Amino acid sequence: MSHRNARDWNRLLAGRPLVRVWSEEPMIATQRIPERLEGDTVEGAEARGKHHLLRFASGRVLHSHLMMSGVWRLVPDGRTVSPHGLFLGLSVQGLTAALYRCPNVRLLEPGEPLPIAVQRLGKDLLAVATDPGADTAAALRRCDPGRQVGDALMDQRVVSGIGNVYKSESLFLAGIDPWRAVGSLTEQEAARVGELAAQLLERGVRDRGRISTYDRPGRPPGLRPSGEKWVYGRRGLPCRRCGTPVRSRGQGDANRTTYWCPACQR
Ligand SMILES: [Zn+2]
């Protein structure tokens, strides 16, 4: 898969919940990939040489190394997904991503380090970064200064690990408007958003992939993760801090929805 194909994948799959994951291949069955991905949402796809990464909202990453004969195919609904050589099928509404003849597949849990060969993508905020704030600030400094910060944070070549939910949530907590140009951020702002994103990602790991970023006041500790967020998914609802209605709009090449509070984020 080329980078151009990865862009198509992002356009077609990103933001879509999985409706079915299946495999009849024993080595996939032993990893319980279908069970582990149940209810997850595709975040994005990346290709690095023969390495292919599918990221999910939970923070899980499906890594496949295509070797000589492996191939991913996108099959629209209504066409037959050929069973010959099929290792893994992942369906979203309207489309199936089918992996053929590829024994090198692993599903990484949230926070589990990427294979060394792919760690060089951009500092992985969980696995590689020792100082997520400084690493994020340095990575953003290397970006096109005109790029919107909400778009840059989602680019896994800049820093890896931040998906669509964590993008909106960490920018809210940092008080940064997602539409600002990267070049307008101060060093402190850039570092702060990286630190906050890393903290949220770590919480997601502790919660085994369930994304909660907000706790209601007075909520007793030790309960199961609530799944509540500050702004993500709350379009039109009052900001939990200031009461201003939360806004949302598509951003970046893949047009991923960004949520933000126009009063709290500047
Ligand atoms: Zn607000």
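1. Two strands are taken as paired if DSSP finds at least two bridges between them. By that criterion, in this predicted model, strand β6 (residues 86-92) and β7 are joined by 6 bridges and run antiparallel. Within this pairing, Leu88 has Leu99 of β7 as its bridge partner.

2. The hairpin formed by β6 and β7 leaves 2 residues between the strands, and in this hairpin Gly94 adopts a positive phi near 95°.

3. Which strands make up the open sheet, and in what order? The sheet has 4 strands in the order β2-β3-β4-β8, with antiparallel pairing. Its edges are β2 (42-48) and β8 (105-108), each of which pairs on one side only, and the twist from one strand to the next averages 15°. At the β8 edge, strand β4 (residues 61-65) pairs with β8 in the antiparallel sense over 4 bridges, and Val61 stands opposite Leu108 in β8.

4. The protein is divided into domain 1 (3-109) and domain 2 (119-260), and the centres of the two domains, taken over C-alpha atoms, are separated by 25 Å. The contact between them takes 14 residues from domain 1 and 13 residues from domain 2. On the side of domain 1 that touches domain 2, α1 (3-13) and β2 each supply at least two residues, and the largest share, 4 residues, comes from β2. That side of domain 1 divides into 2 nonpolar, 5 polar and 7 charged residues.

5. Ala254 lies in the loop between β11 (247-251) and β12 (256-260). Is Ala254 buried or exposed? Ala254 counts as buried because it has 20 C-beta neighbours inside 10 Å, and the cut-off for a buried residue is 20 or more. Leaving aside residues up to four places away in sequence, Ala254 touches Asn10, Arg11, Ala14 and Gly44. Ala254 and Asp151 are 103 residues apart in sequence, yet their C-alpha atoms are 9.3 Å apart in space.

6. Nonpolar side chains in soluble globular proteins tend to be buried together. In this model the largest nonpolar core has 66 residues, of which Leu140, Ala197 and Val231 touch the most other members. Helix α7 (residues 187-206) gives the largest share of this core, 8 residues, and the core draws at least three residues from each of domain 1 and domain 2.

7. Which residues does Val231 touch, not counting those up to four places away in sequence? The contacts of Val231 are Ser168, Glu169, Phe172, Val246, Tyr259, Trp260 and Cys261.

Methods
Residues are numbered from 1 along each chain as its sequence is written. This is a predicted model: local features need pLDDT of at least 70, side-chain atom pairs count only at pLDDT 80 or more; totals for chains, interfaces and linings use all residues. Axes are lines fitted to C-alpha atoms, for helices over the stretch in contact, and angles run from 0 to 180 degrees between N-to-C directions. A residue is buried if 20 or more other C-beta atoms lie within 10 Å of its own, exposed if 12 or fewer, and partly exposed in between; C-beta atoms are placed from the backbone. Two residues are in contact if their C-beta atoms, placed from the backbone, lie within 7 Å. Domain bounds come from an automatic or database domain assignment. Ala, Val, Leu, Ile, Met, Phe, Trp, Tyr, Cys and Pro count as nonpolar, Asp, Glu, Lys and Arg as charged, and the others, Gly among them, as polar. A nonpolar core is a set of buried Ala, Val, Leu, Ile, Met, Phe, Trp, Tyr and Cys residues joined through C-beta atoms within 7 Å.
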